[in-house]
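Look at the model below and follow how its two parts meet. The notes after it are grouped by topic.

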Amino acid sequence: MQVKSSIIWRMIAWFLLLALIPLGAVVIFVQRQVNQTVLEVELQAAVREARLHAAESAYHPNAFEQHTQIYEGTNEVAFILGADGTYLAHTDPKKIGSRAENDFATETLQSFFSDNSGSIDNTEAGQIIGYAAIPGQNSVMVIVKDNQAVQNTLNSLSRSIFLQLSVILLITSIVSGVAILAVINPLRQLANYADRIGSGDLDATIDQDDFEGEIAVLADSLTSMTARLRDLINNLESKVNERTRDLAVASDVSRQITSVLDLDVLLPELVDKTRQGFNLYYVVVFLYDQQAEELLLEAGTGMEGMLMKSEAKCFPISARPSLVAQVARDRKAEIINDTAQSTIYLSNPHLPDTRAEAAFPMLVSDELVGVLDLQSEIVGRFQESETQIFSTLAEQIAIAVRNAQLYRQQEHVAHELKRTDLMKSQFLASMSHELRTPLNSIINFTQLIAMGVAGPVTDEQLTMLNTSLSSSRHLLQLINDVLDISKIQAGKLSLYIEEDVNLNDEIKAVVDMAEPLLQKQNATLEQPIRFIQDIDHDLPLTACDRRRFRQVLLNLLSNAIKFTDKGSITLSAKMKGEEFIFAVMDTGPGIPQVMQTRIFEPFVQATDDIKHTQGTGLGLPISRSLVEAHGGDLWVESKMGEGTTFFFTLPYLPKTK
Amino acid sequence: MNSQEPILVYVEDDENSIFVMKMVVERVMGLPTLYVLQSRADFVQQVKELGVVPDVFLLDIQMKPYDGVKLLSMLRGDPQFNKSKVIALTASVTNEEVSLLKSGGFDGAIAKPLNIDVFPDLIARIMKGERVWYVA
């Protein structure tokens, strides 16, 4: 901000105002007084003159001309006024005998006769009138004096006084102005200097020699204040730089913390970075073992750190004296800035140069994770200002350690889960083997005997063997189904997909497998059931689990055969758009509406008829799961008394080149 | 090679299985004999001592100390038996198993326990040169 209007002008204005007004008043007053006095004197003189001439006239009545000679050639007039108001005598002979009321107002004329003598101030007309009664006569001597000359003199006098005073005032002003400038200029310089400093230009300077006296003192104070300000700012800047550097190190470290989960990698890098970044002698992280109530060295910098880690350095939390243990107990940071003076400092033979030590507890929501210990060879190294940064660092390391530990736990749990899962799979696999093997021995041996391989067999024996065989087969089927259902429910059913499966071939194979079942059924009926095939020729090759496809189709076919006692069974296979649609239609009794959903539940059969309970009750749920695993659907349509049709679809999955 | 009377070699350590196989081969299929060999280091030697070149080797996969896979590699090392078909007999028929067997060089696989009904037919097909993967 520049000095806009110098205060000089204001001061001068005030000065003039304060000086002029009283001065003016005084001048006017004096002038008035003088005028007044002069007027008084003149009036007195006029009266005296009038009395003088009146007396003269009394003694020498005709001597009027003589004693009024003095008025010849002047503006002044003398006359004797008779009681009748006429001029008895007059310096202007022409007026003798005329009436005075032509020249004077009536009151004036009257006043001539009011006293013995007196005066009349007629200064408006430039007249001073003195009158005196002529003793012994009834007339009045009147002298009319010319006031104009006196007035003029007075006026010129007052004008001259005024002028002189003005000149004096002017000179005084100029002198004062100069004097003020002498003060104002240096002040203005200082003002500009202060302004520059205020605007941030701390390098501005002034020449101290330009100033004197009190202003020199002011200049001196200003310059030393500026110097102090400069120092303060520089100091602050360097402190901020230091702090920024610390923060950069800290944030670098914490970035590392959040990106590495493996403690064995993280902690050694962390302590190294901390040591370097903060220029310390030694940095170490202890982890707290809650069970053993011990602090164990986890990572330390340098050779000393490695050495102590290999020694598995640890100590109980109750250890004394020990800065680290104390910090662990109190859960509060502690700083020793001069180890020589401290009672709690425990010196370490591996670290002989330590002179200052600071330990910070690593806490995660009130739980002690460990302690961060910093050592320096410089006494007084750890100041309050850095405490916050180190505390935050300790906190973050605590979190990182906790995270790493949790991660390890999670890994462990995941591993266990995997193991359990593996055990489940192995169980299912081995169960399957364990159950099937003995049963297959039973079946095989029974078969062999029934075939006559071990010798002739009677009809009766054959019947018994066949019963045994069919029971065993039934049991085997049950075992297979139960294992399938278990796998499905455990989510462990996996399809063995082959590409380029020829559905026509598969269908044929299944029909061949179902043939004997059909024969057997027909054997029990009066009228054999017709088996109709409505299969599209040349169904395109597709990807699917061949075995499972057969399983499903066989399941549906054998169901149809089992539950139909008249009419026909129709197997159809068609290609429709991007999927195959298969249907097994029978003319059996049908399935009641309420059962149509329930038959897909494990162990539910459509009928309680004992003949039909040869089934396992698992075929349909398994078939549906198998179809759905392929990406298809299996459903039923049925009408009581008319028959049942089971449909299922399979997506067309050609080999992708 | 006589497709009517194929020479079969069976390598298995379970007695019941051996009994059944013998019954099937000799009584049901009516073949003169079923050669049963041991899973031993001298396996190839055993085969040579038979004095005939077998048509089909039926090797159980889960034997110890040498399972079918190992015996297969032993056999393949000897050019004398190049023409013989080597079939794996396996109880576990997971997808991985089957592809391993296929890539391992077996000419086919038959699921255990034996399905007596289809076995003769499978042998016939194998003798015709078909690669049979009866793992249903």
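Between chain A and chain B there are four residue pairs in polar contact, with both residues at pLDDT 80 or more. A polar contact is a pair of N or O atoms within 3.5 Å; within protein, one must be able to donate a hydrogen and the other to accept it, and residues adjacent in sequence count only if both atoms are side-chain atoms. This is a predicted model, in which local features need pLDDT of at least 70, side-chain atom pairs count only at pLDDT 80 or more, and totals for chains, interfaces and linings use all residues. Residues are numbered from 1 along each chain as its sequence is written, chains are lettered from A in the order in which they are written, and side-chain values use heavy atoms, without hydrogens and water.

**Salt bridge**
- One salt bridge (a side-chain nitrogen of Lys or Arg within 4 Å of a carboxyl oxygen of Asp or Glu) is counted between chain A and chain B.
- Its partners are Arg473(A) and Asp117(B), at 3.4 Å from N to O.

**Contact and buried area**
- Chain A and chain B each bring 18 residues to the contact, meaning heavy atoms within 4.5 Å.
- About 1,500 Å² is buried between chain A and chain B, 63% of it on carbon and sulfur atoms.
- Buried area is the accessible area (1.4 Å probe) that two parts lose on being put together, summed over both.
- Of the area that chain A buries against chain B, 36% comes from Phe445(A), Val453(A) and Tyr496(A), more than from any other three residues.
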